[in-house]
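Q: Please take a close look at one part of this model, the sheet and the cores around it. How is that part put together?

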Amino acid sequence: MSQIEQILKGDRLALARAISLVENESERGRHLLDRLFSRTGRAHIIGVTGPSGAGKSTLVNGLVKSWLSLHPSAKIGVIAVDPTSPFTGGALLGDRLRMKDIAGDDRVFIRSMATRGALGGLSRTVPAVIQVMDAASLDPIIVETVGAGQAEVEIARVAHTTLVVEAPGLGDDVQAIKAGILEIADILVVNKADRLGEDLVVQSLRAMLELGFQKPTADSRGEISQVWIPPIVKTIATEGNGISELVDQIQEHAAFIRGNGSWRKKDRRRLESWLESLYAEKKQVQWEKVVRTKTYAGLLTSLLARRLSPYQVIDQIIGKKSKNPS
Ligand SMILES: Nc1nc2c(ncn2[C@@H]2O[C@H](COP(=O)(O)OP(=O)(O)OP(=O)(O)O)[C@@H](O)[C@H]2O)c(=O)[nH]1
Ligand SMILES: [Mg+2]
């Protein structure tokens with residue numbers, strides 16, 4: 001059986017190997033992705049983001065368990081993106097611990113990745129790893145990432161359904177919840193509902209929702225416009241409380257976006273943002289080549305001597321003749 005066939009039928013070893021090739025951005029990995037691409041686009045991609053320690057991994061563990069009890073024949077992919085430096089393997093071990101209930105299940109494929117994104121966001125190979133899992137018919141594919149700036153926005157671009165997990169006791173609770181999360185959250189999760197201050201977190205999220213969403217109004221034809229208002233789900237991930245409601249909400253959101261055309265729009269947005277980052281990478285590589293040329297060295301000398309401005313140098317590099325205005 002060819003490597004492609006093995007991946008398509010979900011062979012774990014073939015899948016693990018393929019993901020490593022893709023992660024290392026090797027030529028073979030690239031080739032594999034080209035051949036797998038036509039088999040992708042089916043999986044429901046679920047993003048899970050939120051501050052460090054909110055209980056995301058514990059929640060993913062519960063979510064997967066609950067999903068499998070509802071759909072015993074499902075095969076699920078989990079990607080945990082860690083913002084840790086390459087020198088500490090601690091967080092990766094932590095994921096294994098938090099996800100201990102599902103780590104041994106052969107219907108679940110877990111992959112931990114370190115962030116290597118150019119801008120400190122998601123690892124730039126995350127979309128490619130999702131693609132391999134998608135081709136292997138893993139569905140849903142759950143991506144956990146710490147909600148720190150860029151990664152949070154990126155995950156919302158990649159996922160069909162984004163869960164933002166908050167929890168009491170993470171410092172300055174109420175202030176820490178950024179208004180920006182409404183733009184990315186499809187479902188708001190208040191985890192650690194067993195902890196003091198849980199009601200404050202719920203209240204501030206609710207206040208934010210009221211500010212951010214007006215009541216749906218009937219248009220001129222009397223139809224109520226369709227707006228998804230993120231539900232707030234309270235959970236105790238360590239006990240499994242609230243998880244089945246969370247699964248319901250996730251499936252409801254999937255049905256909602258399938259019904260109103262957003263699913264396709266999100267697919268397009270994801271692929272477009274992927275193209276954009278590939279283009280930026282190519283440009284970067286080109287630039288690094290330019291910097292090593294003699295022409296560049298010459299232009300740099302002119303720049304330092306103030307004979308050419310930075311604009312004129314760039315014009316020369318990209319091949320435009322700089323016109324002398326005088
Ligand atoms: N009391 C309580 N503790 C919880 C709950 N959920 C998770 N925890 C604990 O909170 C700690 C952090 O949980 P994780 O699941 O590792 O949190 P995380 O958001 O994945 O953390 P990072 O991946 O480091 O950002 C662990 O000690 C969990 O056992 C909960 O509902 N209640
Ligand atoms: Mg985690």
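A: Two strands count as paired if DSSP finds at least two bridges between them. Strands (E, at least two residues) and helices (H or I, at least four) are DSSP runs, numbered from the N terminus. This is a predicted model: local features need pLDDT of at least 70, side-chain atom pairs need pLDDT 80 or more, and totals for chains, interfaces and linings use all residues. Residues are numbered from 1 along each chain as its sequence is written, and side-chain values use heavy atoms, without hydrogens and water.

Start with Ile79. Ile79 stands opposite Arg111 in β3. Strand β2 (residues 76–82) pairs with β3 in the parallel sense, over 7 bridges.

Ile79 also touches Met113, Val129, Ile130, Met133 and Ile141, among others, leaving out residues up to four places away in sequence. Contact here means heavy atoms within 4.5 Å.

Next, the cores. A nonpolar core is a set of buried Ala, Val, Leu, Ile, Met, Phe, Trp, Tyr and Cys residues joined through side-chain atoms within 4.5 Å; buried means under 20% relative accessible area (1.4 Å probe, protein chains only). The largest such core has 33 residues, and Ile7, Ile79 and Val132 touch the most other members. Helix α7 gives the most to this core, 7 residues. A second, separate core of 29 residues includes Ala54, Val189, Val233 and Ile243.

Terms used:
Chains lettered and ligands numbered in written order. Buried < 20%, exposed > 50% of the residue type's maximum accessible area, 1.4 Å probe, protein only.
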